Amino acid sequence: MTGASGAGKSSLLSMIYLARKPSAGRIRLFERDVTTLSRPETAMMRRKIGVVFQDFRLLDHLTALENVALPLKISGQRDEKVRRHVAELLAWVGLSEHLDSYPPTLSGGQKQRVAIARAVVGRPSLLIADEPTGNVDDRMAVRLLYLFEELNKLGTTIVIATHNESLVARFDHPVVRLVDGGVRVDRPRKGRA
Amino acid sequence: MMLFARRDVPLDSDASGRFLPWLVAIMVYLAALALISALTMSRAIGHWQEGLSGTLTIQIPPDQVVAKAKSAPDALDRVLDLLIATPGVREAKVMEPEEIERLLRPWLGAAASLAELPVPVLISVTFNPAAEPDFAALARAVAKISPDAVVDTHQAWLGKVRDLARTVQGIAILVVVLIAGCAVMIVAFATRMGLSVHGHVIELLHLIGARDSYVASQFQAHVLSFALRGGMIGLLLAVGTVFLAGEVLKGSEAMVLPELALQPLDWSVLLLLPVAVALVATLTARFTVLRTLARMP
């Protein structure tokens, strides 16, 4: 999803990850109209959605490991396997050296990867990433997008918001453009390298 | 498991985490003192009632009791004869001058001599526990012998003491109720403050799928721990105060004051106090969180 600054990318995303309700219209997710969900139903649906926030929103008083384990803890998984699973996930994003580090001691790129690990730890059906490449250099941005592609191949629907047109051009995925309060969808062009 | 030991909402690092245990301690301290005074009072009343219900005292003015040497029976002898004839009387004892002097010394001083004072003759009457004496009839019979004699059944005095005790107990209950209300308000206020201070953490917990009850449990755990800590501190301070007060009063001649020793029942009531406070505080925190969150979009 792309669009100029202020076009409404974050607003649209926040409605998709159920942080806000639309003032008009409806949003359908997982066969449900989310505007009619009760609070407990909303909580249950949020567990199917992983979000990488633009500002990461890590809890500074918890370690990287505890931050990533949080969605599992909230959904009631508290056995020994969780620790191993979370540690493996952090190793996968290249943070095995930083399991017990606190977010304020991590670099922007490291925090981003912790945030991504937290977003995917609960095996969400839908992953939403708001400007996941905003705070990192181009090399890291490309690496992260390849990581999202991997997840996509494993069966997760992924929505990425970015204003980085060169990144959009590098990947061959449908693009939603927010222009002048409207939406335009570009299907991938076949045969493009 | 260590991974889940820490609370997601860092309430312990708040200023509230430092002063709230002491607020609870002070509240439990005051409530415990109020309860101890009420319990001690009711036990003392019980003792007094037990001690006095089977007794009465008859005072005969000194001018109607003449020298023992006189052959004709005086008012004292006739009253004693009457008492011996009254059914249910176990003992009728004329108080020795030494005993009266001992009782009066705190008021009159050691220098006073009874011989120079118009001190009435006192007869202490004890009834059989099973007897139901007719105090009115006895008083009439005594009045016939000696119109100025006073028959004191202690009922009026006991009634006043009972009123006093009920007042003290009523005030104690009021104090405990007010303190409970105070605890509820303080916990509700602190919880609301915690909710707004940690708004970003709570929002995040919600966004990753936490139910309101999960957020509430974070606050409950925090409140339970500080309320129990504060409650125990308050209780220890209260028990220490009672112990010290008991030591101080032991030395004085305040015989009228009830003994400040705690009975097993008192102990269980007192131990229940911090538990009750912790329970009230925890429920208040839960209710406050759930109500506040339900109002959010």
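What share of the 297 residues of chain B counts as buried? In this predicted model, in which local features need pLDDT of at least 70, side-chain atom pairs count only at pLDDT 80 or more, and totals for chains, interfaces and linings use all residues, the share is 25%. Residues are numbered from 1 along each chain as its sequence is written, while chains are lettered from A and ligands numbered from 1 in the order in which they are written. A buried residue has 20 or more other C-beta atoms within 10 Å of its own, the C-beta atoms being placed from the backbone.

Chain B holds 8 helices and 4 strands, in the order α-β-α-β-α-β-α-β-α-α-α-α from the N terminus. Helices (H or I, at least four residues) and strands (E, at least two) are DSSP runs, numbered from the N terminus.

At the interface, 25 residues of chain A are in contact with 17 residues of chain B; contact requires C-beta atoms, placed from the backbone, within 7 Å. The elements of chain A that give two or more residues to this side are tabulated below.

| Element | Residues |
|---|---|
| α2(A) | 39-46 |
| α3(A) | 64-74 |
| α4(A) | 80-92 |

The largest share of this side of chain A, 7 residues, comes from α3(A).

Within chain A, the axes of α3(A) and α5(A) (residues 108-120) come within 7 Å and cross at roughly 25°; axes are lines fitted to C-alpha atoms, for helices over the stretch in contact, and angles run from 0 to 180 degrees between N-to-C directions. The two helices are therefore roughly parallel, a term for angles under 35 degrees. Residues A64(A), N67(A), V68(A), L70(A) and P71(A) of α3(A) meet V114(A), A117(A) and R118(A) of α5(A).

Technical notes:
A residue is buried if 20 or more other C-beta atoms lie within 10 Å of its own, exposed if 12 or fewer, and partly exposed in between; C-beta atoms are placed from the backbone. Two residues are in contact if their C-beta atoms, placed from the backbone, lie within 7 Å. Angles under 35 degrees count as roughly parallel, over 145 as roughly antiparallel, 65 to 115 as roughly perpendicular and the rest as oblique.
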